[in-house]
Amino acid sequence: MADVLYLLRLAGRNALRNRRRSLFTLSSIGLGVALFIVSRSFVDGIDTTLIDIEVKNESGHIRVVPEAYLAEEDYNPLDLPFPEPEQVALALVAQQAGTEVVSRVSFAAEVGDGRRTLRCRGVVIDREAYLRVFDLGALPVLPGDEPYLWAGTGIASTFGWKPGDRIFLKAKTRRGTLNALDAVRFAGSIASGHPLVDNFSVFLPRDFGAEFLDLPPGFATEVLARFPTPSYAEAAEVHIENRFAGQLTTETWLERTQDFRDVNALRRSAFNIIVALIMLIGAAGAANTAMMSAFERTGEIGTLLAVGLSPSRVRLLLAAESVFIAAVGAVLGALVGLLISLHFARVGIRFEALQGAEQVTLVPPILYFDVRAQTVQFGVALGLLVAFLAALWPAVRASRLSPIDALREGD
């Protein structure tokens, strides 16, 4: 053990023999580790942010709808039967203590200011119950008996509405007749971060919505739930689809977010390729450092072999020199990457300029990096592993020298 510690100390001193080569290797490994941590925290942050926005502001952990609803969802149909929504809610609550469940009615609507109109999604909600499940802000209540609604910030800013303004609302009732009002008051805007909610939705209180759409008591197009433990959604999905087979279908948060998680996987792959290229440069530097070190010290290696140092110890000495250099680079790179990632985990990156774009659903309005301990640990380990593997072949080659030949070449 003592001789191993001595060799490690000797390797630490030898690591700085050629500072230019050592600095190149250190910088390459450090840059690769820093970029790995930043890019992985960025991509993980997109996953976390988008899933949180979807779950907390739009669909919860599971959504239960009539059997044919998902195929016709773009039209927000009101004529599909939803059997026993109260029983569905009780079945979901029974899955886990602390589960919050709410029902809603989604319908195709049209709103305007008397001069312009915009097609959007209308949602009839029980305000208090809905706010227990979803984070949509305060949803202020207007005094008086006049009907009112809330609208996403995108719709409100398009028309320049202010609380108390009178707006136009049109939709087909559940029976298919057209209903319109031109004196619905605007109660306030919703800024949830979810593009469907903010840019394409208006929300009606339950009493007003039921009357406007001619809905029977307890009618719903969707039942949604949030579980304290997200993984319970899978068991709830099996339970609901078995119990209401042929009548209802479900969509979990994993299914709901599958598309943008797939897109995010492509981002992760692209960043991994960039990191791999930088690490390849670092590996070349580590291999070059080890090879040149062995070449310049042939006589020294021959002396060590001649006095009885085993080839395995020579390999350890030369590989340790590269690993020491890489360790410094990996630690510095990890610190830089961690500081950058923690900064954006706190302040986020804003993407408001993309909020009108069609592909906005793939990018959150404000992205907060997700910094994970395993990301930092893996980045440092990756840097050390790359340097060790790159230095292994030159170290093995040098350890196989004949002591006499090595001493002769060293002279």
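In which helix is Leu332 found? And what surrounds that answer in the wider structure?

A: Leu332 is found in helix H12, which covers residues 311–347. Keep in mind that this is a predicted model. Leu332 has a relative accessibility of 44%. Buried would need under 20%, and exposed over 50%. Leu332 therefore counts as partly exposed. It belongs to a nonpolar patch on the surface, together with Val328, Val331 and Leu335.

Now the whole protein. It has 411 residues, and 48% of them count as buried. Its secondary structure comes to 14 helices and 11 strands. Take the contacts with a separation of 6 or more: 78% of them join residues 24 or more positions apart.

Helix H3 (residues 85–93) packs with helix H8 (residues 232–243). The angle is about 145 degrees, and the axes are 10 Å apart. Their crossing is right-handed. On the H3 side, the residues in contact are Gln87, Val88, Ala91 and Leu92. H8 meets them with Ala236, His239, Ile240 and Arg243.

Next, the charged pairs. The whole structure holds 21 salt bridges. One of them joins the side chains of Glu73 and Arg256, at 3.8 Å from N to O. Glu73 sits in the loop between strand S1 (62–66) and H3, while Arg256 sits in helix H9 (residues 253–256), so the bridge ties together parts 183 residues apart in sequence. Glu73 has a relative accessible area of 22%, so it is partly exposed.

A second salt bridge pairs Glu100 with Arg132, at 3.9 Å from N to O. This one also links distant parts of the chain: Glu100 is in strand S2 (residues 100–112) and Arg132 is in helix H4 (residues 127–133), 32 residues apart. The two ends differ in class. Glu100 is partly exposed at 30% relative accessibility, whereas Arg132 is exposed at 52%.

Asp113 and Arg116 form another salt bridge, at 3.3 Å from N to O. Both ends are partly exposed: Asp113 has a relative accessible area of 23%, and Arg116 has 36%.

Some bridges share partners. These join Glu54, Glu58, Arg63, Glu73, Arg104, Arg121, Glu222, Glu251 and Arg256 into one network.

Note on methods
Residues numbered from 1 in each chain as written. Predicted model: local features only at pLDDT ≥ 70, side-chain atom pairs only at ≥ 80, totals over all residues. Heavy atoms only, no water. Patch = residues over 30% accessible without salt bridge, like charges linked within 9 Å, V, L, I, M, F, W, Y side chains within 5 Å. Areas by Shrake-Rupley, 256 points an atom, 1.4 Å probe, with all protein chains shown as cover. Salt bridge = Lys/Arg side-chain N within 4 Å of Asp/Glu carboxyl O. Helix = DSSP H or I, 4+ residues; strand = E, 2+ residues; numbered from the N terminus. Buried < 20%, exposed > 50% of the residue type's maximum accessible area, 1.4 Å probe, protein only. Axes fitted to C-alpha atoms, helices over the stretch in contact; angles between N-to-C directions. Left-handed = near helix turned anticlockwise from the far one by under 90°. Contact = heavy atoms within 4.5 Å.
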